[in-house]
Amino acid sequence: MNEKTTSVVALALALLAGPALAADPAAPARPRANPEVSCLIQPSLEVNVGTPVDGVIEVMNVDRGDIVSPGQLLARLNSAVESASVDTQAAKAGFGARKRQRNEELQRKQLISAQELDELTTEQQMAELELRERRERLKLRTIQSPIRGVVVDVFRQRGDLVKQEKIFRIAQLDPLYVETILPSRMFGKVRSGQAFEVLPELGPSAQKAKVSQVDRVIDAASGTFRVRLLLSNPRFELPSGQRCAINFQL
């Protein structure tokens, strides 16, 4: 069984496992023109955020359940050495710029050769590039959020030694993915862009979701195909991981 078949069968079993929303075998069959199927609400994106360098966590600004924004500082590794290195190189670059400025005046008076001025200019440019490199290395000591979402897991705490590993897992909850599977007889009837009502298990009312992706291949093992809908959730009011039902009224 290949990976695609396994994922389809796994999703089918998960959707059919919910007693509240799964179809009752003893109940009369629903009309095919208005089928209601089970679905799962999931984050549209989950990212593991960490650091590409080794160090000790010095600052932790967030915890599990916190809402974060793109670019927000999540944590910082100890960076005293790197910060001092930047200050040292900044002083060297500043001195090089002043030295070049003084020698430009001497060159205009023809007291030094153009070659000597070119060497000073090159040295100053190399110092600026070295400063830029050290600043970029210093940035690697800070861990920032790449997305707007919710902190799902925190794997390390302040004082922990980390070695190029993940520290946070963040889930993007706006929009949410509504994942479901449909029987092959409905293939071609559900298309991208169509809107349907989704009834979350924990939601107060039905929500409108738009079809964003329809599998172009029917899984032979289960006779089904997958459909994904996008569900707007700007205030993070709907939790992910819950079951739902979709009324595919075509």
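Four strands form an open sheet in the order E5-E4-E2-E7, with antiparallel pairing, where two strands pair if DSSP finds at least two bridges between them. Strand E5 (142-144) and strand E7 (161-163) stand at the edges with a single partner strand each, so one side of each has no neighbour in the sheet. This is a predicted model, in which local features need pLDDT of at least 70 and side-chain atom pairs count only at pLDDT 80 or more, while totals for chains, interfaces and linings use all residues. Residues are numbered from 1 along each chain as its sequence is written, and side-chain values use heavy atoms, with hydrogens and water left out.

**Sheet**
- Strand E2 (residues 54-60) runs antiparallel to strand E4 (residues 73-77), and three bridges join them.
- Met-60 has Ala-75 in E4 as its bridge partner.

**Helix H3**
- The 26 residues of helix H3 (residues 114-139) should span 38 Å at 1.5 Å a residue, which agrees with the 38 Å between its end C-alpha atoms; the expected span is 1.5 Å times one less than the number of residues.
- Leu-117, Leu-120, Thr-121, Gln-124, Ala-127, Leu-131 and Arg-134 of H3 are buried, which means under 20% relative accessible area with a 1.4 Å probe, protein chains only.
- Helix H2 (80-108) is included in what covers the buried residues of H3.

**Glu-179**
- Glu-179, found in strand E8 (residues 166-183), counts as buried because its relative accessibility is 9%.
- The side chain of Glu-179 makes a polar contact with the side chain of Arg-228 at 2.7 Å, a polar contact being a pair of N or O atoms within 3.5 Å, of which, within protein, one must be able to donate a hydrogen and the other to accept it.

Definitions and conventions:
Helices (H or I, at least four residues) and strands (E, at least two) are DSSP runs, numbered from the N terminus. Buried means under 20% relative accessible area, exposed over 50%, partly exposed in between (1.4 Å probe, protein chains only). Contact means heavy atoms within 4.5 Å.
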